[in-house]
Amino acid sequence: MAKSPGQKLKLLYLEKILLERTDENHPMTLSELSEALAAYGITAERKSLYSDIEQLRNFGLDIVGQKTRSYGYYVGSRLFELPELKMMVDAVQSAKFITLKKSNELIKKLETLCSRHDAQMLQRQVYVQNRVKTMNESIYYNVDKISMGIAESKQISFLYFEYNIYKERVPRKNGERYLVSPYALCWDDENYYLIAYDGAAKKIKHYRVDKMMNIRVEKQPREGEEAASRLDVAAYTKSVFGMYGGSPADVTLRFENSLVGVVIDRFGKEVSIRPDGPEHFIASVRVEQSPIFLGWLFQFGDRVQVLSPQTVIDQLRRYAERLLKQYEGGRI
């Protein structure tokens with residue numbers, strides 16, 4: 001008897017059914033597999049299914065036979081385990097640089113890596129719908145263009161924008177294109193950043209990828225190879241502290257012991273710490289002097305004290321005086 005056209009796709013559809021519909025808690029019997037194949041226009045006898053399952057096993061698919069009230073089959077180990085997928089879903093959902101639309105699209109794709117039953121558990125992980133996300137849908141194309149510039153050792157140019165009070169994008173520098181040599185992409189504090197060499201300023205700078213527009217890979221070769229060779233991306237990211245520009249400084253801080261976890265979370269386990277009496281410790285850190293850093297210190301109130309340098313102490317004092325004056329009703 002001649003085979004129906006669908007028989008040539010039988011193994012592919014059987015693999016699809018097993019991957020999509022089965023797991024340890026949801027095995028399928030041979031009768032159920034036959035019915036599922038019939039929905040694709042493929043007939044399958046019990047004897048042939050035994051052979052098909054064995055072929056898929058030989059191909060590398062981990063098909064487990066399970067005896068309960070009846071005998072069923074399910075896919076055991078997969079490329080990603082459910083806890084791994086949950087972590088990836090959480091990362092996608094919490095990443096501020098990924099738009100809400102793209103987050104949902106990526107999560108839908110992640111759901112295809114497990115059974116439809118486990119996919120429902122992934123959906124329950126997505127519970128933060130009001131988290132602030134980037135509004136720049138082109139960030140994926142931005143990353144692609146930047147990566148191309150890095151791979152080809154070429155400079156890139158782009159427009160860099162900020163929002164006005166009407167929520168409109170306004171290019172900086174009156175619409176003049178930025179021209180830089182890209183060297184690295186990093187993810188810090190839920191934002192994606194380009195680290196690049198600015199030939200005009202002759203220094204390493206950073207840019208928010210979601211605030212870049214109309215990126216072009218230029219013909220000019222990259223500049224700043226010497227500066228980039230000395231660049232430690234991890235150390236640079238840590239010192240910039242929230243990616244706000246400012247002059248770098250080695251700062252000595254005195255904390256209450258209860259804040260040691262906060263300091264390690266912010267600066268890493270290698271941060272220099274020494275006890276200072278029974279209730280305090282002193283930490284030495286390198287940061288960029290910026291409003292972000294000062295604001296970070298303010299949240300701890302009198303549980304932290306800046307010991308040096310004097311420039312940071314003076315900045316902190318002026319910052320406090322400005323805030324006090326504002327709330328006393330005075331003008332700044």
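Predicted model: local features only at pLDDT ≥ 70, side-chain atom pairs only at ≥ 80, totals over all residues.

I looked up the strand order and found an open sheet of four strands, E10-E11-E9-E12, with antiparallel pairing. Its edges are strand E10 (272–275) and strand E12 (304–308), each of which pairs on one side only, and neighbouring strands are turned by 30° against each other on average, direction ignored. Between strand E9 (residues 248–256) and strand E11 (residues 280–288) I found nine bridges, and I noted that Val-251 has Val-285 in E11 as its bridge partner.

Entry on the helices. I then followed helix H11 (residues 291–298), which lies across E9, E11 and E12 and runs at about 5° to E9. Helix H12 (residues 310–327) also packs on the sheet, where it touches E9 and E12, and its direction makes about 140° with that of E12.

Entry on charged pairs. The count of salt bridges comes to 13. One of them joins Lys-16 to Glu-20, with the closest N and O atoms 2.8 Å apart; both residues lie in helix H1 (residues 10–21), four residues apart, about one turn of the helix. I checked their accessibility and found Lys-16 partly exposed at 33% and Glu-20 partly exposed at 29%.

I also looked up Arg-208 and Asp-210, whose closest N and O atoms are 2.8 Å apart in a salt bridge; Asp-210 counts as buried because its relative accessibility is 7%, where the cut-off is under 20%.

Conventions:
Residues numbered from 1 in each chain as written. Heavy atoms only, no water. Pairing = 2+ DSSP bridges. Helix = DSSP H or I, 4+ residues; strand = E, 2+ residues; numbered from the N terminus. Axes fitted to C-alpha atoms, helices over the stretch in contact; angles between N-to-C directions. Contact = heavy atoms within 4.5 Å. Salt bridge = Lys/Arg side-chain N within 4 Å of Asp/Glu carboxyl O. Buried < 20%, exposed > 50% of the residue type's maximum accessible area, 1.4 Å probe, protein only.
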